[in-house]
Amino acid sequence: MDFKGTTIVAVKRNGKTVIAGDGQVTGGQTFIMKGNAVKVRRIYDGKVITGFAGSVADAFTLSERFEEMLNKYSGNLMRSAVELAMLWRGDKALRQLEAMMIVADANELYIVDGSGNVIEPESGVCAIGSGGNFALAAARALEANTKMSAREIAVEAMRIASEICIFTNGNLTVEEV
């Protein structure tokens, strides 16, 4: 059985970066296995937040490897993200992992994937997962047209995505740096 389905959104605004994720784990395309999974976490002594989408076991493996990179490179987020992407793409076992991550610290925000991509969003807003496009559209509109905080934008974007995407629920985990 393939357990997937999630939405993660990140918003960087006014010196704050927030990552929010829903709690739904979906069994294939037919049922909700769990509604309160935690897919957004603080790592590296609380200085870095990560959010992951995709296969749960794969995402945990990548999160652990990313934290190893942060320790190896003294918390340098960009270097750690690039090294993870290189390892992910180059290692035969890791190459099979199906997940994506958003990583952030107080200054930087990146999407990391298994194709070797480390992407810094232009606008300070990004999203991944099955409801990612819904959350991204909502967050961009809110960022451009309101004075809401990063946290308020992330939460509202997730609410909107949860009303549209059947693989996204409103049980949120929200972390801010």
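Q: Which helix holds both Arg 79 and Glu 83?
A: Let's start with this pair in the predicted model. Arg 79 and Glu 83 sit four residues apart, about one turn of the helix. Their salt bridge has its closest N and O atoms 3.3 Å apart. The element that holds both residues is helix H2 (residues 77-90).

Q: How far apart are the closest N and O atoms of Arg 159 and Glu 163?
A: Here is another helical pair to look at. Arg 159 and Glu 163 are four residues apart in helix H4 (residues 150-164), so about one helical turn separates them. Arg 159 is partly exposed at 37% relative accessible area, while Glu 163 counts as exposed at 58%. The two form a salt bridge, and its closest N and O atoms are apart by 2.5 Å.

Q: Which strand holds the salt-bridge partner of Lys 16?
A: Lys 16, in strand E3 (residues 16-21), forms a salt bridge with Glu 176, with the closest N and O atoms 4.0 Å apart. The pair ties together parts that are 160 residues apart in sequence, because Glu 176 lies in strand E12 (residues 173-176).

Q: How many salt bridges does the structure hold?
A: The pairs above are among them: Arg 79 with Glu 83, Arg 159 with Glu 163, and Lys 16 with Glu 176. For the structure, the number of salt bridges is seven.

Key:
Residues numbered from 1 in each chain as written. Predicted model: local features only at pLDDT ≥ 70, side-chain atom pairs only at ≥ 80, totals over all residues. Heavy atoms only, no water. Salt bridge = Lys/Arg side-chain N within 4 Å of Asp/Glu carboxyl O. Helix = DSSP H or I, 4+ residues; strand = E, 2+ residues; numbered from the N terminus. Buried < 20%, exposed > 50% of the residue type's maximum accessible area, 1.4 Å probe, protein only.
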